Amino acid sequence: MNFENVTIKDIAKELGISASAVSKALKDSYEISEKTKKRVLECAERLNYKPNPMAQSLKRGNSKSIGIIVSTIDNQFFSQVINGIESVAYTKGYNVIITQTHESYQLEVSNLRHLMYRSIDGLLISVSTETEEIDHLKNLHQKNLPIVFFDRVIDGIETHKVIADNFKGAYDATMHFIESGYRKIAHITSSPNISITAERLKGYMLALEENNIKADDSYIKYCLHGGKDMLEIENALDELLHADNPPDAIFTASDRITTTIFQLLKKMGIQIPDDIALLGFTNTHLAACLNPSLSAVSQPGFEIGEKATEMLINLIESKYPVYDFETIVLPTTLSVRDSSKPKVKY
């Protein structure tokens, strides 16, 4: 059985009056008698009539809806961002429509098409690891769709952006390793396509340089799907562990990569930090509960969501064109725990 939405025309046909009269009655127009209004309302309730939000949004010129594109909502960081988005959006009277790319460029394009069909007023997006071509976003930006980027941002579109201080977070993490006696520090990161990869790599490299540690390219491993592909992470770890000069510490640059490396090392019976130390970007609430407790760089996910949404709604509701844009950089937090304890000296 196919479900069909009841329309104003259906009510008009049922009552034998014009669709225009039904529309006016539903809006409580003075042009319609109280008797007719009552008949229309009773019929609408009996037929389970619901106003079409898309049609209404076209008439109003807005839908009071914000589109969100993230990689996956099971990522703790993105879950926290979405909570921040919703906290502002609902207060301001906006609904949110959440979509996931699962790190697929094609799915990102498809999700954006779906969101435009829903007549969103603005877009909050963290691009996928596969996204290199941005015409799908440029086209909408040129048509004046308000867009704010967060976390993974791109340079080809002039608009507001909200990010964590990825450079400082990576620098602090690498410096902590060095100060704890580790010198052979590997770096497992995401796709080189995305902004956070470059920012975190720069922080890692600067900390090595300042301590006269020569960067070893063989210690830097890229997971092109951002940690979504388990085999990529397994291969990266395997190459490091079986190198001629294996590292004594691993700095991981994303939530999923960090927790997966932790699980793999435990499964392999490798002692953390005695055999190899571990510290990485992750917003998991379980970091302190793991055995050993996991040292981590965490991002202010909730605050990123809040700020990005405030900026987007300001763009949506601005009565004049906006030409001055900001990139907001929020601080990360380094939590030192047992997985990166100082190296034992023999």
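**Close-up views of the predicted model**

**View A. Surroundings of S340.** The side chains of S340 and H176 make a polar contact of 2.7 Å (N or O atoms within 3.5 Å, one able to donate a hydrogen and the other to accept it; residues adjacent in sequence count only if both atoms are side-chain atoms). The model is predicted: local features need pLDDT of at least 70 and side-chain atom pairs pLDDT 80 or more, while totals for chains, interfaces and linings use all residues. Residues are numbered from 1 along each chain as its sequence is written, and side-chain values use heavy atoms, with hydrogens and water left out. S340 belongs to the segment after β12 (333-335); helices (H or I, at least four residues) and strands (E, at least two) are DSSP runs, numbered from the N terminus. The relative accessible area of S340 is 0%, so S340 is buried (under 20% relative accessible area, 1.4 Å probe, protein chains only; exposed is over 50%, partly exposed in between). Beyond its neighbours within four places in sequence, S340 is in contact with H176, F177, S180, Y182, P273, A277, L278, L279 and S295 (contact: heavy atoms within 4.5 Å).

**View B. Helix α8 against helix α9.** The axes of α8 (residues 166-179) and α9 (residues 195-210) come within 7 Å and cross at roughly 35° (axes are lines fitted to C-alpha atoms, for helices over the stretch in contact; angles run from 0 to 180 degrees between N-to-C directions). The crossing of α8 with α9 is right-handed (the near helix is turned clockwise from the far one by less than a right angle). On the α8 side, the contact is made by N166, F167, A170, Y171, T174, M175 and I178. On the α9 side, I196, E199, R200, K202, G203, Y204, L206, A207, L208 and E210 take part. By class, this contact has 10 nonpolar, three polar and four charged residues (Ala, Val, Leu, Ile, Met, Phe, Trp, Tyr, Cys and Pro are nonpolar, Asp, Glu, Lys and Arg charged, the others, Gly among them, polar).

View C. Six strands form an open sheet with mixed pairing, in the order β7-β6-β8-β9-β10-β12 (strands pair if DSSP finds at least two bridges between them). β7 (220-222) and β12 stand at the edges with a single partner strand each, so one side of each has no neighbour in the sheet. From one strand to the next, the twist averages 15°. β12 and β10 (residues 295-298) pair in the antiparallel sense over three bridges, and the bridge partner of S298 in β12 is T333. Helix α8 lies across β6 (185-189), β8 (249-252), β9 (277-281), β10 and β12, and runs at about 170° to β9. Helix α11 (residues 255-267) lies across β6, β8 and β9, and runs at about 160° to β9.

**View E. Residue I68 in strand β1.** I68 lies in β1 and, with a relative accessible area of 0%, is buried. Not counting residues up to four places away in sequence, I68 touches I85, V96, I97, I98, T99, L115, L123 and L124. The C-alpha atoms of I68 and S104 are separated by 15 Å, the two residues being 36 residues apart along the chain.

**View F. Helix α2 and its cover.** The buried residues of α2 (residues 19-26) are A21, V22, S23 and A25. Among the elements that cover them are α1 (8-15) and α3 (34-46). Just after α2, D28 takes a positive phi of about 60°.
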